[in-house]
Amino acid sequence: MNLIWKWILIILALLFLVVGGVVWYYGRNWKPILEAKIKEVVHNSSNGLYTLAYDDLDLNIGLGNVTLREVELIPDSAIYQQMIVDQSAPDSRFHIKLKALKIRRFSLLDVLRSRQLYIKSIFLEQPEIHVMSEQHAFNDTVSTEPKKTLYESIEDIFTSVNVRDVQLDDVKFTYSKIDSGKSSGVELNKVTIKVHDVLVDKTSISDSTRLFYAKMIDVHVPGFEYDLPDGFYKLKFDDLSINTRDQNLLLTKFAYEPKMAKSAFFKQKNRNITMAILKFDTLRLENLDFKAFLENGKTIASSVQLKNGIVDLSNDKRYPKYPKNKIGHSPHQKLMKLNSLIRLDTVLVDNVTITYYEFSAKYGREGSISFDNARGNLTNVTNDTLALQKDKFMRADLSAKIMNSGNLQAKFGFDMLSKNGYHTYKGSVGAMNAIAFNRILRPLLNVELASGNMKKVTFDMEGTDHRNWGDFRFDYDNLKISLLNEQEKGQAQTSKKIISFLVNQIIINDSNPDANEIYHIGKINYKRDPEHTFFKTLWQSLLDGIKQTAGISPEREARLMGTATKAQDVVKESNSAVNKTKGFIRGIFKKK
C-alpha cells in the first residue's frame with residue numbers, strides 16, 4: 001500500500017477516535033449541564049413564574065437528539081399572586097403536560113461555535129394545555145416600561161434559535177376564564193397543531209410575515225359544542241381549520257342556536273324577545289390578519305363567505321314585550337358603536353334562507369314569511385373611520401325568492417358617518433301569485449288572499465332615524481281578499497262572505513291601474529315610531545306605499561266610515577272590515 005494512503009487512513013482513524021471521544025464525553029457530562037440550562041432558560045424567561053419538570057432526559061449528542069419524558073410546565077401560584085401585587089402579572093397562565101417532548105437533529109457545533117441553535121423538528125406527544133385567563137385592570141393601562149422580549153430572555157445563552165417544524169397531535173386544550181373567583185371555560189379535544197419555521201433572534205419580532213415568531217401555524221379542531229354563559233344558546237361546529245400563512249379561517253357546519261325548543265325558550269324568557277337560529281355549512285374568512293386580531297382585537301379580512309345556511313328569527317306575542325327607544329340602533333349605527341375595529345372588504349352570501357316566524361296570541365297559530373336562497377354581497381363593511389374617509393358607504397346588493405316564489409332584488413346604502421343614520425334602499429319584486437302570503441296572513445290576521453296576480457313591485461327609498469321617503473309602485477290585478485270567521489275546534493274555517501264582498505268592492509282597488517285606468521303611485525313620507533326597529537320601520541314605509549297604490553287613501557277610509565255610520569245595521573261589520581283590511585295590508589310586509 002502506498003505510504004500516503006497509510007497516513008490518510010491513520011489520520012481518519014484518529015479523527016474518528018477524537019469525534020467519538022467528544023461525543024462520548026459530552027453525552028456523559030453535558031446531560032446535567034443541559035438539564036440545568038433548560039430549566040434556567042424557562043425560569044429566567046418567565047421571571048420565575050414557571051418551573052419545568054420531567055421524569056427523564058435522553059440525550060444523544062452524535063445524532064443531535066433529545067427526548068424528555070413525562071414533561072410538565074408548572075405555573076407557580078405564589079409567584080403569580082406576588083406579580084399581581086406588583087402589577088406585573090400577565091392575564092394568562094399556562095399549565096402544560098406532555099407524554100414526551102422529542103427534539104430531533106440539533107447542532108451542538110453551532111451552539112458551541114456561534115451560540116446559534118438550529119433544530120430540525122420538535123414533536124409534542126399527547127399534550128394537555130390548560131390556559132387560565134384572569135383579567136387585570138393594570139394590563140389595560142399603557143405601561144411606561146418596555147416589555148422584555150423572548151429574545152432578550154435568551155440572548156445570554158443563544159444569539160438565535162431556529163426550529164424548522166413543530167408538531168402537536170391529539171392535543172387536549174382547556175381554557176378557563178376566572179372572574180371574581182369563579183371559573184368558566186371550554187374544552188377542546190383531539191386538536192392538531194403544526195408550526196413551521198420558528199425563528200427567535202434580534203430581528204424576528206419585527207418580521208411582519210411571522211406570527212408568534214413562526215412563518216406558519218396550522219390548526220385543526222374537530223367537532224366542538226359549547227353552551228354559552230347566558231344559559232339559552234349554544235355554539236357548535238364540525239370542523240375548524242386555521243392557517244396563518246394562507247391567512248384563512250374555515251368553519252364547517254357552524255351553528256348558533258337555542259339549547260331548548262322554541263316553546264321552552266319563550267316560557268323561560270317570559271318575554272316576547274326575538275329568538276335566533278343561525279346555521280351555515282361554510283363560514284370562511286380570507287386574508288385574515290391574525291396578528292391584528294390576536295394583538296389588538298381587530299378583525300381585518302378581505303372577504304367573509306356565508307354559504308348554504310339558514311337564519312330563523314322568531315317572536316311569540318303571547319308574552320309581554322317591553323318597548324324601548326330604537327333611535328340610533330340601525331345596523332350601520334350598531335357597527336359604528338362596536339368597541340373593536342372591523343374592516344371587511346366583502347361579505348359574500350350564497351344560498352342562505354331567512355325566515356321570520358310569529359306566534360299569534362289572538363289566534364294561537366304561527367305564521368311565517370321567508371326570503372329563500374338569498375345571494376349577493378355586502379361591501380365596505382367597516383367601522384374604521386380612516387377607511388370611511390375615502391368611502392363612507394357600506395353597501396348591500398342581495399337577491400332572494402320571497403316566499404320561495406317572487407324574485408326579490410334589493411340594494412342598500414348605509415352612510416356610516418351620518419349623524420342621523422342616513423340610508424337608502426331600492427329594489428323590486430317580480431311576478432308571483434299573491435296567495436303565497438297566506439302563510440303569514442291566515443295564522444296572524446285571520447285573513448287570506450282569495451286571488452291576486454302580482455306583476456311587479458318597485459321601490460326607491462331614503463331614510464334617517466326619524467323619517468323614510470320615496471316612490472313605491474305596485475302593478476297587480478285580480479286582487480280579492482277573504483275575511484275569515486273564528487275557527488271552531490274540529491271545524492273547517494269559513495269566510496265572512498258579505499264583509500269580504502264589501503271590502504273588495506268598496507275599500508280596495510282590485511287592480512293597478514284601476515278600473516278607471518288610473519295608475520296609482522305611492523309617494524311615501526313616513527314618520528318613524530321611535531319604538532320601531534330599523535326593519536319594522538322599513539316595512540311600515542313600504543306598507544304606506546302599498547295602501548296608496550291599492551287606492552286606500554285616508555279620504556276613502558273617511559267616506560267609508562261616514563257611510564257606515566248612517567247604516568246602523570252594518571256599522572259594526574263595516575268597522576271590523578276596515579280594521580281587518582288595515583291589518584291585512586300591514587301583514588303582507590310586516591317585520592318585527
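This is a predicted model: local features need pLDDT of at least 70, side-chain atom pairs count only at pLDDT 80 or more; totals for chains, interfaces and linings use all residues.
**Aromatic pairs.** I then looked up phenylalanine 371 and tryptophan 539. Their ring centres are 6.2 Å apart and their planes are at 20°, so I logged the pair as stacked. Phenylalanine 371 belongs to strand β17 and tryptophan 539 to helix α11, so this contact ties together parts 168 residues apart in sequence. I checked burial for both. Phenylalanine 371 has 12% relative accessibility and counts as buried. Tryptophan 539 has 14% and is buried too.

Next I took tyrosine 425 and phenylalanine 459. Here the centres are 6.4 Å apart and the planes at 55°, so this pair is tilted. It links strand β20 with strand β22, and the two residues are 34 apart.

**Charges over rings.** Arginine 93 lies over the face of tyrosine 80, 4.0 Å from the ring centre. Lysine 262 puts its charged end over the ring of tyrosine 357, at 4.3 Å from the centre.

**Helix α10.** Which residues are buried in α10 (residues 497-507)? I listed Ile499, Ser500, Val503, Asn504 and Ile507. They span an arc of only 135° around the axis, which puts them on the same side of α10. The face turned away from that side carries exposed Lys497, Ile498 and Phe501.

**Surface patch.** Phe212, Phe293 and Leu294 make a nonpolar patch with about 330 Å² of accessible area together. Phenylalanine 293 sits in helix α6 (residues 290-296). Its relative accessible area is 41%, so I noted phenylalanine 293 as partly exposed.

Note on methods: Residues are numbered from 1 along each chain as its sequence is written. Side-chain values use heavy atoms; hydrogens and water are left out. Patches are made of residues with over 30% relative accessible area and no salt bridge: like charges are joined within 9 Å, nonpolar side chains (Val, Leu, Ile, Met, Phe, Trp, Tyr) within 5 Å. Accessible areas come from the Shrake-Rupley method with a 1.4 Å probe; for residues, only the protein chains shown count as cover. A salt bridge is a side-chain nitrogen of Lys or Arg within 4 Å of a carboxyl oxygen of Asp or Glu. Helices (H or I, at least four residues) and strands (E, at least two) are DSSP runs, numbered from the N terminus. Buried means under 20% relative accessible area, exposed over 50%, partly exposed in between (1.4 Å probe, protein chains only). The arc is that of the directions from the helix axis to the C-beta atoms. Rings of Phe, Tyr and Trp (its six-membered ring) pair if their centres lie within 6.5 Å; planes under 30 degrees apart count as stacked, over 60 as edge-to-face and the rest as tilted. A charge sits over a ring if NZ of Lys or CZ of Arg is within 6 Å of the ring centre and within 35 degrees of the ring normal.
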